[in-house]
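Open your viewer, switch to a cartoon view and get ready to click along.

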Amino acid sequence: MVRFHEKILEIAEGIRTMRIRGAGKIARSAAEALKIAAETYSGEPDPELFRKYMNEAAKLILATRPTAVSLPNAVYYVMYALESNLGFKELREAVIARAEEFIRNSLEAVRKIGEIGARRIKQDSVVLTHCHSTAAATVIITAYKMGKIRKVYSTETRPFYQGRITARHLIEAGVPVVQVPDSSVRYIMHEVDQVVVGADTIASNGALVNKVGTSQVTLAAHEARVRVFVAAETYKFSPMTVIGELVPIEYRDPTEIVPKEWIDKHPNVTVLNPAFDVTPPEYIDAIITEEGVIPPQAAILILMEKFGWALEKIKQGVKQSVSFEDSIEG
Ligand code: RUB
């Protein structure tokens with residue numbers, strides 16, 4: 001069995017327990033873990049052995065959480081370096097360079113999304129956001145700095161209360177925030193001008209997978225004719241959905257909803273904790289990517305442009321050195 005540096009195990013555990021959370025941060029941490037794996041490899045200087053070891057590290061990271069496609073996309077981006085026919089030293093350097101490149105590009109994508117998205121926010125807007133998304137918060141903060149935002153409603157986002165992270169994040173930037181329970185969204189929607197949320201995964205038909213409750217938020221927005229914007233880096237688009245794979249929805253431990261004592265006291269009650277839900281493309285006005293604003297129906301174009309290499313392999317049924325299935329076992 002391969003033994004990994006403790007920093008790698010810490011990152012894997014951090015993602016699993018949600019100390020590291022949010023699809024973008026998860027992806028960057030995955031790339032960081034692979035970079036550390038390459039740096040701390042202490043086996044024989046043999047390309048094949050190094051590839052095997054890196055595959056094991058990739059499997060460990062992929063098994064942490066199943067829903068955000070940013071995780072396998074980051075892993076495959078870095079692991080692509082192993083496909084070249086280089087010697088051990090160059091191969092190791094290539095992995096490290098690709099991991100660093102992913103992290104750099106990812107942070108730059110969030111910044112660009114902020115700039116592009118802020119242009120779509122109307123003057124004097126009341127914005128509603130759900131969960132904590134760095135991409136969505138960046139749009140909001142950038143628009144606020146442009147003097148466009150009057151107030152932000154941030155849902156609590158039960159059961160994990162990521163809305164509290166959003167409130168802190170926005171308050172630190174000076175944005176006026178009102179924290180509201182998830183169940184109040186329809187009641188307050190008449191006051192809202194625009195909804196801005198993030199994405200864990202976007203399917204080839206433009207459907208959005210994001211924190212559970214997002215689809216209810218968009219339903220209320222649709223009814224009130226409020227526009228819904230999704231802030232999503234292009235590595236949130238899922239190549240596997242092109243061939244019909246469904247996005248696996250993570251079910252987390254019921255004790256995140258009610259205490260264990262309550263569950264023990266009520267053995268006939270089943271407590272479910274789905275962490276994500278699916279918003280159909282009809283409920284989304286635009287997806288803001290670092291490449292520009294697209295309608296959800298154009299998701300397939302992003303996939304063809306950005307993941308052409310992966311799509312070819314998937315279509316030919318050629319498995320990569322780490323199979324895509326590994327990502328949905330976790
Ligand atoms: C987080 C969540 C966020 C997306 C986008 O869920 O649903 O909206 O991941 O976030 P969890 P970002 O807290 O369960 O990870 O824009 O930061 O990538």
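The tour below goes from the overall fold to one helix and then to a few residues in loops.

**Before you click**

This is a predicted model: local features need pLDDT of at least 70, side-chain atom pairs count only at pLDDT 80 or more, and totals for chains, interfaces and linings use all residues. Residues are numbered from 1 along each chain as its sequence is written, and side-chain values use heavy atoms, with hydrogens and water left out.

**Stop 1: the whole protein**

Colour by secondary structure and you will find twelve helices and ten strands (DSSP runs, H or I of at least four residues for helices and E of at least two for strands, numbered from the N terminus). The radius of gyration is 20 Å, close to the 20 Å that the globule rule gives for 330 residues, so the protein is as compact as a globular protein of that length. That radius is taken over C-alpha atoms, and the globule rule is 2.2 Å times the number of residues to the power 0.38. Along the principal axes, the C-alpha atoms fill a box of roughly 65 × 50 × 40 Å.

How much of the protein is buried? Buried residues make up 54% of the 330, where buried means under 20% relative accessible area, exposed over 50%, and partly exposed in between (1.4 Å probe, protein chains only).

Next, think about contacts, meaning heavy atoms within 4.5 Å. Among contacts between residues at least 6 apart in sequence, 76% join residues at least 24 apart.

**Stop 2: helix H7**

Select residues 162–172, which form helix H7. Show the side chains of Gln-162, Gly-163, Thr-166, Ala-167 and Leu-170: these residues are buried. They cover an arc of only 150° around the axis, which puts them on the same side of H7; the arc is that of the directions from the helix axis to the C-beta atoms. Here is a handy rule: an α-helix has 3.6 residues a turn, so residues three or four places apart point the same way.

What do the buried residues of H7 pack against? Their partners are strands S1 (125–129), S2 (149–155), S3 (177–180) and S6 (208–211), together with helix H6 (134–145).

Step just past the end of H7 to Gly-174, which takes a positive phi of about 90°.

**Stop 3: Gln-162 up close**

Return to Gln-162 in H7, a buried residue with a relative accessible area of 1%. Leaving aside residues up to four places away in sequence, Gln-162 touches Met-18, Arg-21, Cys-131, His-132, Glu-156, Thr-157 and Lys-211.

**Stop 4**

Is Thr-157 buried or exposed? At 0% relative accessibility, Thr-157 counts as buried. Its phi is near 65°, a positive value in a residue other than glycine.

Pro-159 is found in the loop between S2 and H7 too. Zoom in on the peptide bond from Arg-158 to Pro-159: this bond is cis, with omega near 0°.

**Stop 5**

Select Asp-124, in the loop between H5 and S1. Its phi is near 60°, a positive value in a residue other than glycine, and at 45% relative accessibility Asp-124 counts as partly exposed.

Finish at Glu-83, in the loop between helix H4 (70–79) and helix H5 (88–119). Glu-83 is partly exposed, at 37% relative accessibility. Draw a C-alpha to C-alpha distance from Glu-83 to Ala-23: they are 60 residues apart in sequence and 26 Å apart in space.
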